[in-house]
Amino acid sequence: MNLKKLPLGIQTFSKIIKDDYIYIDKTDLALDIITNNQYVFLSRPRRFGKSLFLDTLHNIFEGNKELFKGLDIYDKYDFEEYPVIKIDWAGNFKTLEGTKQTTKRILEDNQRRLGIDCKFDDSYANCFNRLIQTAHEKYKKPVVILIDEYDK
């Protein structure tokens, strides 16, 4: 008998699926959230799978259907691709400079992934606003914003 590995410390949905780790299918919950809500706040204890669930949502919204073969959502969702802005607040927030660097890195990573360029000329808030607006204009679809480590 070939036992699957436990995904200890792995928060990347695609790695768990591709490397054949044990995965408890929560895509029925993801589908319910996607189809019945516009804004969702997930509050769960630390080490309770929030980051993995957000990464799962990220893959759903990016249209990575093949990763979901054999899972509940596979035949129930159309996997239309949406622009996704992912914000992970894990980082250096001990100083104002560390906070600025982390925020800039997050904005730059999302710009690069979405093929969008917005300048940091006046403020990070304005850059974030332009990132959302430009992604909407470029892709002609609603923009999905996923925020991880919100409690930082």
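1. S2 gives the most to the lining of the largest pocket, with five residues. Helices and strands here are DSSP runs (helices H or I, at least four residues; strands E, at least two), numbered from the N terminus. This is a predicted model, in which local features need pLDDT of at least 70 and side-chain atom pairs count only at pLDDT 80 or more, while totals for chains, interfaces and linings use all residues. Residues are numbered from 1 along each chain as its sequence is written, and side-chain values use heavy atoms, with hydrogens and water left out.

2. The largest pocket has a volume of about 750 Å³. A pocket is an open set of points on a 1 Å grid over the protein atoms alone, where a 1.4 Å probe fits, with protein on both sides within 12 Å along at least five of seven lines; lining residues have an atom within 4 Å of a point. Volume is the space filled by probe spheres set on the points, which are joined across faces, edges and corners.

3. The lining comprises 23 residues, and Gln 38, Tyr 39, Val 40, Ile 145 and Leu 146 lie nearest the pocket centre. By class, 18 are nonpolar, two polar and three charged. Nonpolar covers Ala, Val, Leu, Ile, Met, Phe, Trp, Tyr, Cys and Pro; charged covers Asp, Glu, Lys and Arg; the others, Gly among them, are polar. H2 (27-36), H3 (50-61) and S2 each supply at least two lining residues.

4. Buried means under 20% relative accessible area, exposed over 50%, and partly exposed in between (1.4 Å probe, protein chains only). S1 and S2 pair in the parallel sense over five bridges, pairing requiring at least two DSSP bridges between the strands. Ile 87 stands opposite Ile 147 in S2.

5. In H4 (residues 96-114), the buried residues are Gly 98, Thr 102, Thr 103, Ile 106, Leu 107, Asn 110, Gln 111 and Leu 114. Their cover includes strand S1 (84-88) and helix H5 (124-139).

6. Two loop residues deserve a check of backbone geometry. Most residues other than glycine have a negative phi. Asp 20, in the loop between H1 (13-18) and H2, has a positive phi near 60 degrees; at 42% relative accessibility it counts as partly exposed. Lys 140, in the loop between H5 and S2, has a positive phi of about 55 degrees and, at 69% relative accessibility, counts as exposed.

Terms used: The expected span of a helix is 1.5 Å times one less than its number of residues. Contact means heavy atoms within 4.5 Å.
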